[in-house]
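Student: Could you take me through one part of this model closely, residue by residue? I'd like the cut-offs behind each term as you go.

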Amino acid sequence: MADLLRAEAQRLGPGAKLRSSRELVRELGVSPVTVSRAIARLTAEGRVITRPGSGAFAAPGRPESAQADSSWQTVALGDRVVDDTGVAGLLAEPGEGVIPLTGGYLNAALRPVRELSAAAARAVRRPDAWALPPLNGLPELRRWFAAEVGASRNDVLVVSGGQAALSHAFRSLAAPGEPVLVETPTYPGALATAKMAGLRAVAVPVDHDGVRPELLAEAFAVTGARVFYCQPTLHNPTGATLTRERREQVLAVARAAGAFIIEDDFSRYLGTGAPPPALVSMDEHGTVVHVLSLSKISAPSLRVAALIARGPAARRLRASQVVESFFVARPLQETALEFVTAPGWRRHLATVRREIGERQRLLLAALARHLPAAEVPLVPPGGLHLWVRLPDETDEAALVERAHRAGVLVSPGRIYYPAEPPGPRIRLTHMAPADHAELTEGVIRLASTF
């Protein structure tokens, strides 16, 4: 009915009166309710206007020269800009024939699609699959997350992925206008989230063993910051991992400053060996707010993560989620629980870790052969990426653009710095290409742009 009236309005032209409801009921043999719903739909689309007592009319056309003027929004919105440039670039799908050497997730061929599908099928058959879940998350899933990092189930809040966890943490632990300390370089999504929360990111340098404790202490003293965001294991983008000794030093520095540490443990399952102890497992005083996500080791749309905290901070984080989105959808939580407690979970971990080692070696060999001018300062024990230093004279932005034209996507180093970059860098993701041949071809294409 709606299609018929839409065509009639277009045929009669702007301002023309349509057949009355009574005529349509009589001629088409439909009910008055059907006609009423069709007219309401076209009214919502802006194709029809109704005049009480007169009937329905084709909507007047807009002059070709007329354009909507949204310039008023510039004044209304003010300067509260949300910059998604760095994050959107990492999430962008490559075009046809383009090889991705960027991104933060496993290639589709490496994702446990069969296991996830089976887990989802089992999950939705559970009696309470569509019921209201506990606001903190399913107890069994919280218990599993806690066991993974040596925490208590009571300290776990299930949230919608690692990015949501960072958003809750930044907004709950610091007030707009305050400084937050971050490693430099660091994850662009954290920088964007901190900025959206109104925080000022202050850079703390890292070396091959991660953040430098003495500089962290100095940054706390100079800025008065009460939050430090860090990735202590297989740091993105450098690949550095804090030693046990340095983890203890970082905890002591934050404790002395009366500050929180947001521990982003995104790569817990991406190492080629056993992961080091999480900072949260070494923390006795509620200093650490821990983030552990399942998305990177499984699939982008398994947006399930744990946010682990104690004391008043935990209550504030829980309140943040309840006010913003109530809870994580129960079917998704049930699916995650089915997945990580099934035998296929451990097999998947072994497969991914083996593939990470093979692809990292392949990428290093391809760089040495086709792009010897590029330097890899640190070869990490796992992770999805390599952090590559380019010759000082390289125009980083121009190189990234040339690479795109050559059919390969790379991640520019500048988006990982909260302040001025020290020199040209790129991050290369070896887990994004479809296979080993495509990975090598991506390096060859990149080399052709130098």
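**A helix and its surroundings**

Tutor: Happy to! Helix α9 is followed by G198, which has a positive phi near 85°. Helices here are DSSP runs of H or I with at least four residues, strands are E runs of at least two, and both are numbered from the N terminus. Before going on, note that this is a predicted model, in which local features need pLDDT of at least 70 and side-chain atom pairs count only at pLDDT 80 or more, while totals for chains, interfaces and linings use all residues. Residues are numbered from 1 along each chain as its sequence is written, and side-chain values use heavy atoms, leaving out hydrogens and water.

Back to α9, which spans residues 188-196. Its buried residues (under 20% relative accessible area, with exposed over 50% and partly exposed in between, using a 1.4 Å probe and protein chains only) are P188, G189, A190, L191, T193 and A194. Their cover includes the helices α5 (85-91) and α8 (161-173), together with the strands β5 (179-184), β6 (200-207) and β8 (227-230).

E334 counts as buried because its relative accessibility is 3%. The side chain of E334 has a partner in that of R126, with a polar contact of 2.5 Å between them. (A polar contact is a pair of N or O atoms within 3.5 Å; within protein, one must be able to donate a hydrogen and the other to accept it, and residues adjacent in sequence count only if both atoms are side-chain atoms.) Leaving aside residues up to four places away in sequence, E334 touches A123, R126 and L138, where contact means heavy atoms within 4.5 Å.

Helix α6 (residues 113-124) packs against α14 with axes 8 Å apart, at an angle of about 125°. Axes are lines fitted to C-alpha atoms, for helices over the stretch in contact, and angles run from 0 to 180 degrees between N-to-C directions. The pair α6 and α14 is therefore oblique: under 35 degrees is roughly parallel, over 145 roughly antiparallel, 65 to 115 roughly perpendicular, and the rest oblique. From α6, E115, L116, A119, A120, R122 and A123 make the contact, meeting P331, E334, T335, E338 and F339 of α14.
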